[in-house]
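Please view the sequence and the model together while reading.

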Amino acid sequence: MDTLTAVAGQIAQLDAVDSAQLERMRHEALTARAPWKAEYGAYQSGGWWTTSLMNASGDASDVTIGDCAARPTDLLSQMPATAALLAELGLNYMWVRLARLEANAFLWEHRDYDELDQVERHRLHVPLHTNTSAFLVTGGTKVHMTGGRIWRLTPTYAHGVCNLLGPDRIHLIADVYADDAYRRLARRPTLHPGSAEPLPSADQAMLAERLQAARGMAGLGYTAAAERMLLRLFYAYALPEGAVYDLIAELHTSLGDEEAAARWASAKRRLLALTA
Amino acid sequence: MPTLQLAALTFANRPSQLPLLSRLADILAASPAVTHLMVRGSLAHGTADRLSDVDFVVGVQDAELPAFVEALDDLMSIEAGALLPGWRDTIVADLGGVGMVFLVPDDGHLHQIDLYLAPAARIPRLRATVATALLLDREPAPTTTEEAAVAERFAAEFFAQPRTCAELLIEHLVLAVLLHKRIKRGQRFIAYSEWHRLHTATKDLIKTALAPTSRFWGWYQLREEIAITPIGRTCLGDLETAISGPAVPLAADVDAAVERTLALVERACPEALSGLENAIAAYRAYLELM
């Protein structure tokens, strides 16, 4: 299986969105007085904010998603173009959010547990405001979700998302239950070859140089920055799964901190959903 | 006399750079190698506006100065989100250390961050001559004569290194941000000075790319050395265009200079753009928001 085919199973482009409507939606997302909520999990750097457009309670600040029959929030009532698109699509929505990823923000390499679910549901992204330094990495390939299309993400591989330099990336994210409307939307999934770019492979000399730079940074007392420097290699190079976590453990071992090395080995198992 | 409740008003009128300044101070102070942290310029004097740069003097243990400078680009990229590697500040006064300028996005806007890294042994003298607001004052470890010499030698060698095309490109991008600020403030004399500096950087870029072994100083013999090939003539045509503009630029002149420089780099030394593509796209986006 070639890289593009493999990635196409993880991320696909569905229908186009009318460009004039998309511009109105972008304006709404950038100007609405939204109650953005920060979510700081173990698998992200911070800088990931969400606000709900459709959910169980109708309260935009309720952002902890779960199965429900979603209803519009007060925020969506201020966003007529966005509401119109959601209505036109006619999907069975579980939850609809705006997600904002700030500059220099990362969702670190991780694997979702969604494949364990019994209910068929799908995650759709509509990029509203983006830039070329915001992309998803999976299988050693980076995918920049360009505006103008609805994208479907079904990441079963380990993956990560970043917005390296900004400005903010804002996506509309809709979790939907599979039904006839969804199947019509998803009848012809594609992935334009230009959308997926294989990352260069990392040679041992480069990894050794970066590890040495991380040691230098930790030696100055910037240990957390040294860890993040190694985590960020996932977005620059095609690396074996979990390699960045192994590098951080190696960094701590070389610094004589076995407890930190064990903590990162454990983090690797948790974030990548490894059972061993 | 009644007691007035001014705290909320003071908070609402704090400089917009204060959260960024605070975040950067936290980042820098995390290292025990940092002995002092001082702010200078308008933020120290209470005269800042929304365009003011954040200007730090960072005292660093003398023996750690080389390692600190080496780690600085990575640190500023990872922890502060700097768009580009730092520009070796050739405008700042020599205070015995190393000056670097970074462009850091914060709250949707691009900010200029000046970091002057000074050996700890120089801090007492520096504090006596430069007006600063002190944020951090740690007692440095005793500095040996050899350690002070290491720092001094390092600072001298750091500035003696010839500038690469990538560095000169970054100099253009930093100066353009400075110029936009001068134009918005109506600081015509400073704008004139920085505009000339930008043209000089263009000349240096052309010489570095196309006449790297030039024996001639400054602006001398450019035609004789460079206008002998089509690419050389085109680049000198760009320089001619640059110096034929107004003495004090408008914002559109600055934007045109940036685009001309990027085209020049693409033509004469494309390797200088390697790895900076996303940074330049982001730079353009932030410049539109300035």
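The model is predicted.

**Domains of chain B**

The domain assignment divides chain B into domain 1 (15–160) and domain 2 (165–289). The C-alpha centres of domain 1 of chain B and domain 2 of chain B are 26 Å apart. Where the two domains of chain B meet, 13 residues of domain 1 are in contact with 16 residues of domain 2. On the side of domain 1 of chain B that touches domain 2 of chain B, the strands β3, β4 and β5 of chain B each supply at least two residues. That side of domain 1 of chain B comprises nine nonpolar, three polar and one charged residue.

**The sheet of chain B**

Strands of a sheet pair through backbone hydrogen bonds, in either a parallel or an antiparallel manner. In chain B, six strands form an open sheet in the order β3-β4-β5-β2-β1-β6, and the pairing is mixed. Which strands lie at the edges of this sheet? They are β3 (87–88) and β6 (133–137) of chain B, each of which pairs on one side only.

Strand β1 (residues 34–40) of chain B runs antiparallel to β6(B), and four bridges join the two. Within this pairing, B:His36 has B:Asp137 in β6(B) as its bridge partner. Helix α2 (residues 18–29) of chain B packs on the sheet, where it touches β1, β2 (54–60), β4 (98–106), β5 (109–119) and β6 of chain B. The direction of α2(B) makes about 160 degrees with that of β1(B).

**A helix pair in chain B**

The axes of helix α8 (residues 188–210) and helix α10 (residues 230–243), both of chain B, come within 10 Å and cross at roughly 175 degrees. Because of this angle, α8(B) is roughly antiparallel to α10(B). In their contact, residues of α8(B) including B:His199, B:Thr202 and B:Leu210 meet residues of α10(B), among them B:Gly232, B:Cys235 and B:Ile243.

**Contact between chains A and B**

In the contact between the chains, 20 residues of chain A touch 23 residues of chain B. On the side of chain A, the elements that give two or more residues are α6 (204–219) and α7 (223–231) of chain A.

The table lists the residue classes in two of the contacts described above.

| Contact | Nonpolar | Polar | Charged |
|---|---|---|---|
| α8(B) with α10(B), residues of the contact | seven residues | three residues | one residue |

Conventions:
Residues are numbered from 1 along each chain as its sequence is written. Chains are lettered from A and ligands numbered from 1 in the order in which they are written. This is a predicted model: local features need pLDDT of at least 70, side-chain atom pairs count only at pLDDT 80 or more; totals for chains, interfaces and linings use all residues. Axes are lines fitted to C-alpha atoms, for helices over the stretch in contact, and angles run from 0 to 180 degrees between N-to-C directions. Angles under 35 degrees count as roughly parallel, over 145 as roughly antiparallel, 65 to 115 as roughly perpendicular and the rest as oblique. Two residues are in contact if their C-beta atoms, placed from the backbone, lie within 7 Å. Ala, Val, Leu, Ile, Met, Phe, Trp, Tyr, Cys and Pro count as nonpolar, Asp, Glu, Lys and Arg as charged, and the others, Gly among them, as polar. Two strands pair if DSSP finds at least two bridges between them. Domain bounds come from an automatic or database domain assignment.
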